[in-house]
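Work through the exercises below with the structure in view. Try each task before reading its solution.

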Amino acid sequence: MINNQNIHSSVTIEDGAKIAPDVVIGPFCSIGKGVEIKSGCTLEANIILKGKIRIDEDVKIFSFAIIGNDNSEIEIGTKTHIREFTQIGSQESEDGENRKIIIGSNNFLMGYVQLSSGVELGDFCIITNAVRLLENVKCHEKVIVGGLSIIEANNTIGTGVMIGGASVVTTDIPPFVLVEGNKATIKGLNIIGLRRRVENKDDIEEIKAIYKRVLGDGVDKVMAQEILKTHQNEYIKQLTSFIISSNLE
């Protein structure tokens, strides 16, 4: 029996749940037996947590979110914010295999977002309103997805990508680019994002030059392979290695 004055009297907590003493839980929440909530977390009202869930420190979950189902396994990294009506792994996988969902640290999931089985988010991602990430989608760090977008199953989004609103993503997306549309196509480099993360301006100019060679007139995996062998720049290596292993054609 958990005795915590920060937990509202209407909250239902199953035996076996682990909740740190300073966790705040608002009214009418339901916490399943496989849930672990670490220090500094806040849950607002009418939240349902099911299955095996580990929530790291200083996470805030807003009202009416549903996370997990009876057979799910989910990890939520520290300082992540999950806004109202978000659904994370709340439905069974289509093939009956509930793959682990991993959400990194310092992520921001806005209202009505849906994450399916097997989704993985790196750190510092922003998933805006009513975005759907279908099964086994992988987003590397610092990805921004515009509202009402859909990323179709089994695709990977590279680090530093920005996806425009109401886009439908049907392929892998290489690091550092802007994409938009239905279906989404690459519109250019995310220059503002690069300026925020890359201190050396020469690195940005080099990324621009390589981008034109491997993505300027369609995807050139042979060229990407040659560049990967000869360049030591870490950002060029990220870009070219991703392209080589991607499902882009």
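This is a predicted model: local features need pLDDT of at least 70, side-chain atom pairs count only at pLDDT 80 or more; totals for chains, interfaces and linings use all residues.

Numbering starts from 1 along each chain as its sequence is written, and side-chain values use heavy atoms, without hydrogens and water.

**Exercise 1. Give the strand order of the nine-strand open sheet.**

Step 1. Strands are DSSP runs (E, at least two residues), numbered from the N terminus. Two strands pair if DSSP finds at least two bridges between them.
Step 2. The order is β1-β4-β7-β10-β13-β16-β19-β22-β25, with parallel pairing.

**Exercise 2. Describe how helix α2 packs with helix α3.**

Step 1. Helices are DSSP runs too (H or I, at least four residues). Locate α2 at residues 201-215 and α3 at residues 221-230.
Step 2. Their angle is about 145°, and their axes lie 8 Å apart. Axes are lines fitted to C-alpha atoms over the stretch in contact; angles run from 0 to 180 degrees between N-to-C directions.
Step 3. I210, R213 and V214 of α2 meet M223, A224 and I227 of α3. Contact means heavy atoms within 4.5 Å.

**Exercise 3. Sort the α2–α3 contact residues by class.**

Step 1. Ala, Val, Leu, Ile, Met, Phe, Trp, Tyr, Cys and Pro count as nonpolar; Asp, Glu, Lys and Arg as charged; the others, Gly among them, as polar.
Step 2. The contact has five nonpolar, no polar and one charged residues.
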